[in-house]
Amino acid sequence: MGKIDKVEMDLSGTIWIEYLISFRLDMDARGLSPKTIEGYYECIGHWVKWLRGRRVADLTVVTKATFQEYILFQREKVSGSTINCRLRHVRGFLGYLHREGVLPDGVPDLSHLIKLVKVERGPKPVVGIEIVGKVLRGLVRRVSRKWDAYRDLCMVLVFWDCMVRLSELRGLRVSDVSFDQKTLQVLGKGRKRRVIPVGDRTLKALNKWVIRYRGSLSGGDWLFTDRSGTQLTARNIHQLMARLGKKQGVRFNPHLIRHSSATWFMSQQGANLEILRQILGHSSILVTQQYLHLNTAVSVEAYARNCPSKGLDF
């Protein structure tokens with residue numbers, strides 16, 4: 001049973017199921033991905049379960065204090081980031097109910113009562129380019145013995161070179177690769193398509209993968225598959241990347257590779273933030289601005305090369 005089915009079964013026979021199904025239809029109409037919809041269901045289901053445990057039967061008695069109590073309930077159990085994730089999803093749900101006029105008469109826009117908790121944000125971890133190189137060299141050594149080693153090598157290259165999301169890589173088809181234009185076409189968040197440039201080394205590897213390995217498999221047009229030609233699952237890909245990292249003694253997953261590559265990209269001289277925004281598929285440059293940060297080692301090295309006092313004569 002999937003997460004969506006479980007939540008709907010738990011809320012069957014209550015007023016909440018009517019609200020939730022209405023919201024789900026809206027999310028479907030907006031083209032949100034199944035994973036995004038599952039995330040909303042999971043967070044909203046958690047909140048409603050807590051409300052029902054407090055014998056809150058409907059939204060007419062929900063106040064600002066209700067949300068404050070919900071936050072306190074979670075404080076010792078999960079991180080502030082997790083609390084905020086749940087609150088954002090609940091806020092989106094309540095905002096929809098208010099906009100559509102689904103709520104009973106007299107119930108205000110409850111989404112405005114939700115205040116996120118303060119979260120101390122340190123620098124996100126990154127995996128260095130030298131580690132990515134070690135992972136790739138390890139795969140190169142296995143290619144002659146393992147068919148899937150070349151597939152995994154290509155996936156790492158696409159994650160690093162094109163900075164795609166896991167869902168975007170999984171959804172790639174052979175026809176999405178343009179060897180002439182040196183681009184990939186991916187289906188991103190909100191089912192929006194975008195075109196991403198691809199480096200020559202990655203294109204060369206993909207060309208070999210398609211001609212020598214992928215072309216001999218049955219199945220559809222999926223770019224990355226198992227030996228039967230079946231599309232890899234998100235779980236498959238995540239586990240494959242984790243195993244590759246474990247061999248090097250480091251954490252290694254699709255999101256970390258994407259984040260690390262974007263960080264490395266912005267550390268290079270002449271890097272353009274708007275180009276990075278387009279590659280990453282961010283709807284706003286404000287999201288991309290997090291990559292303006294440089295780690296201390298890069299900052300010190302760059303400063304040493306261009307230290308203002310170098311030009312002084314005294």
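1. Let's start with how helix α4 crosses helix α5: the crossing is right-handed, a term for a near helix that is turned clockwise from the far one by less than a right angle, with anticlockwise being left-handed. The two helices cover residues 64–74 (α4) and residues 80–99 (α5), and they pack at an angle of about 150 degrees with their axes 11 Å apart. That makes α4 roughly antiparallel to α5. Angles over 145 degrees count as roughly antiparallel, under 35 as roughly parallel, 65 to 115 as roughly perpendicular, and the rest as oblique. The axes are lines fitted to C-alpha atoms, for helices over the stretch in contact, and the angles run from 0 to 180 degrees between N-to-C directions.

2. Before going on, a word on what you are looking at. This is a predicted model, in which local features need pLDDT of at least 70 and side-chain atom pairs count only at pLDDT 80 or more, while totals for chains, interfaces and linings use all residues. Residues are numbered from 1 along each chain as its sequence is written, and side-chain values use heavy atoms, with hydrogens and water left out.

3. Back to the α4 and α5 pair, now residue by residue. From α4 come Phe67, Tyr70, Ile71 and Gln74, which meet Ile83, Arg86, Leu87, Val90 and Leu94 of α5; contact here means heavy atoms within 4.5 Å. By class, the contact of α4 with α5 has 7 nonpolar residues, 1 polar and 1 charged. Nonpolar covers Ala, Val, Leu, Ile, Met, Phe, Trp, Tyr, Cys and Pro; charged covers Asp, Glu, Lys and Arg; the others, Gly among them, are polar.

4. Helix α5 also has a contact with α3 (residues 34–53), where the axes come within 8 Å and cross at roughly 95 degrees. The pair α3 and α5 is therefore roughly perpendicular. On the α3 side you will find Gly39, Tyr40, Cys43, Ile44, His46 and Trp47, and on the α5 side Cys85, Arg86, His89, Val90, Phe93 and Leu94. The contact of α3 with α5 divides into 8 nonpolar, 3 polar and 1 charged residues.

5. The contact of α7 with α9 has 10 nonpolar, 1 polar and 4 charged residues.

6. Two residues have backbone angles to check by eye. Most residues other than glycine have a negative phi. Met163, however, is not a glycine and has a positive phi of about 55 degrees. Met163 sits in the loop between α7 and α8 (166–170) and counts as buried at 4% relative accessibility; buried means under 20% relative accessible area, exposed over 50%, and partly exposed in between, using a 1.4 Å probe and protein chains only. Lys182, also not a glycine, has a positive phi of about 60 degrees. Lys182 lies in the loop between β1 (177–178) and β2, and at 39% relative accessibility it counts as partly exposed.

7. Gly188, in the loop between β2 (183–187) and β3 (193–197), is buried with a relative accessible area of 14%. Leaving out residues up to four places away in sequence, Gly188 touches Arg165, Glu168 and Arg194. Leu217, in the loop between α9 and α10, is buried at 18%, and its contacts beyond four places in sequence are Trp147, Thr225, Asp226, Arg227 and Gly229. Trp222 is in the loop between α9 and α10 (234–248). The C-alpha atoms of Trp222 and Gly171 are 7.2 Å apart, although the two residues are 51 apart in sequence.

8. Finally, the overall picture. The protein has 14 helices and 3 strands; these are DSSP runs numbered from the N terminus, with helices being H or I of at least four residues and strands E of at least two. The C-alpha trace spans about 75 × 65 × 35 Å along its principal axes. Of the 314 residues, 42% are buried. Among contacts between residues at least 6 apart in sequence, 58% join residues at least 24 apart.
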